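Hello,

Here is the structure I promised to pass on to you. Have a look at it first, and then read on for what turned up in it.

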Amino acid sequence: MGLVGVQENGNVEMGLSSLPLGSKNKYRRMNSELSEDNDDASHQQHQEDRTNGTRKYVLACAVFASLNSVLLGYDVGVMSGAIIFIQEDLKITEVQEEVLVGILSVVSLFGSLAGGRTSDAIGRKWTMALAAVIFQIGAVIMTLAPSFEVLMIGRLLAGIGIGFGVMIAPVYIAEISPTIARGSLTSFPEVFINFGILLGYVSNYAFSGLPAHINWRIMLAVGILPSVFIGFALFVIPESPRWLVIQNRVEEARSVLQKTNDNEKEVEERLAEIQLAAGTADVENHEEKAVWRELLSPSPSVCRMLVTGFGIQCFQQISGIDATVYYSPEIFKAAGVEGNTNLLAATVAVGVTKTVFILVAIFLIDKLGRKPLLYVSTIGMTICLFSLGLSLSLLGQGQVGIALSILSVCGNVAFFSVGLGPICWVLTSEIFPLRLRSQAAALGAVGNRVCSGLVAMSFLSVSRAISVAGVFFIFSATSALSVLFVYTFVPETKGKSLEQIELLFKDKHEWQGSEVEMGDAENLVRKEQGSEVEMGDAENLVQKE
């Protein structure tokens, strides 16, 4: 019995000892699951932190790259008021006034043309630095100018600097931005142009009470400040990863992409796409034509890109936006507004409207897409320009005429800022293939600046000949044509990588299509990816054999 008891006790002890072991295993498994949950939560938190950090970094790069655009905006805004006092101080003629206002846009085309070659040679980042330095020199000369001739020299230098800046900023931002936010970020230069215009209007109003031989000099001198901040920006922003790949600095490009993309898989995918587009990947080796030779004798797909990019840039200006901004005091004077202070106060309202509505475009451009916003913009501008012509021609200089004129001008700049203003630069920075992008975008900027200069340098003369109202009826008709241009030639590029957008122009049907084209483009991308997968499978089979 005792033995049995011992045995029983032994069995009991063995049974009891086995339970704790099982319990320990159970607890160990539970602890393991908790540990895995903690690891998942930690990984998720780390990914969220990286995503937030990436967004802030890319946003900072876009902001700093857009500072040059403040210079253009400020010059446009400040000159609309400063010219009143320059005319009074230096006793310039109306023709000299037109030349002084418009020459900056014309000369900036040389900066834009040189900017393409320069950015390919020294990089996007240092081209922005060069733009700021040239503008600073020009601004100092304008501030100290004792005569019209010296003022023109400073204006010429400032124009070249602005030409560099407006061409390179959208290209840089498009090349550094992740696909999902590219539209919003690439529209930043237009946001800063509008901000600069508003600052110019406010500067006019703030310094208008000073003596005429001093106030316009202070107005122009304030424009030097934004270019000083660009010097600090050079210590923050990286070089464009796509330019680095062209220079065969692949590891540096990967490092930049790791800062601007959320995960390693996306980094490697983007890098492979860039290498393929640049012609440096092993999977594609082909003899490339010189860039300008290819632009002058383009393939059908490149020709479609040029029509779209160059056309949208020209329509942005020949619809009269710079005339509205440069000569808003003249327009309001024609409507019946009296006194320099009242004229400049009315222009501040225009600047505020333009700046507020560009922010609307930033929030909508990657949600609604480029094409819907362009439709809203061009149709709205057509209506506002036509109503401005009617108010100036039919309502005279009464209170109703003044109110409708101010409302029409504000409406015109609001619709411009929602679509045609920012999207013009977004499209020209994203539709061209990498090997052509900087110089093709420069060509588009040249079209923009030439049209701007022609409008600015002829507005006063033409308005004297056919009246201010007649000029705006012409602008309204031009804006109506831009609606047809958007419908016919502009594809939707929302949600596509820069390399995928190139496929939109491969086929004429996709280029001219409307909403269907995005589905077709996706099919093309799948076909391209499918062919790559098939080639990879074939290579694997060969290796197995």
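A pocket here is an open set of points on a 1 Å grid over the protein atoms alone, with protein on both sides within 12 Å along at least five of seven lines, and lining residues have an atom within 4 Å of a point. Grid points are joined across faces, edges and corners, and a volume is the space filled by probe spheres set on the points. Lining this second largest pocket are 20 residues, and R55, P178, I180, A181 and L185 are the ones nearest its centre. At least two lining residues come from each of α1 (2–65), α6 (182–186) and α17 (340–364), with α1 giving the most, five residues. Helices are DSSP runs (H or I, at least four residues), numbered from the N terminus. By class, this lining divides into nine nonpolar, six polar and five charged residues; Ala, Val, Leu, Ile, Met, Phe, Trp, Tyr, Cys and Pro count as nonpolar, Asp, Glu, Lys and Arg as charged, and the others, Gly among them, as polar.

Before you go further, please note that this is a predicted model, in which local features need pLDDT of at least 70 and side-chain atom pairs count only at pLDDT 80 or more, while totals for chains, interfaces and linings use all residues. Residues are numbered from 1 along each chain as its sequence is written, and side-chain values use heavy atoms, with hydrogens and water left out.

The whole structure holds four cavities of 30 Å³ or more, a cavity being a set of grid points where a 1.4 Å probe fits but cannot get out. The largest cavity has about 140 Å³ of space. Its lining has 15 residues, and E190, I193, Q317, D322 and R449 are the closest to the centre. Two or more residues of that lining come from each of α2 (67–90), α7 (188–207), α14 (300–318), α15 (321–326) and α21 (437–489). Eight of the lining residues are nonpolar, three polar and four charged.

The second largest cavity, at about 70 Å³, has 14 lining residues, with S177, P178, T179, R242 and R270 nearest the centre. Helix α5 (148–176) and helix α11 (250–260) each supply at least two residues here, and α5 gives the most, three.

Now the charged pairs. Which residue forms a salt bridge with D75? The partner is R155, with the closest N and O atoms 2.6 Å apart; a salt bridge is a side-chain nitrogen of Lys or Arg within 4 Å of a carboxyl oxygen of Asp or Glu. R155 lies in helix α5 and D75 in helix α2, so the pair ties together parts that are 80 residues apart in sequence. R155 is buried at 0% relative accessible area, and D75 is buried at 3% (buried means under 20% relative accessible area, exposed over 50%, partly exposed in between, with a 1.4 Å probe and protein chains only). In total, the search finds 10 salt bridges.

R124 and E175 also form a salt bridge, at 2.9 Å between the closest N and O atoms. R124 sits in helix α4 and E175 in helix α5, so this pair ties together parts 51 residues apart in sequence. Both belong to a network of salt bridges that links D120, R124, E175 and R437. A further salt bridge joins R370 and E430 (3.1 Å, N to O), and both residues are buried.

Most residues other than glycine have a negative phi. N248, in the loop between α10 (241–246) and α11, has a phi near 65 degrees, and N248 is exposed at 56% relative accessible area. S467, in helix α21, has a phi of about 85 degrees and is partly exposed at 34%.

Helix α21 also holds A456, which is buried at 0% relative accessible area. The C-alpha atoms of A456 and A323 are 5.7 Å apart, although 133 residues separate them along the chain.

Happy browsing, and do write back with any questions!
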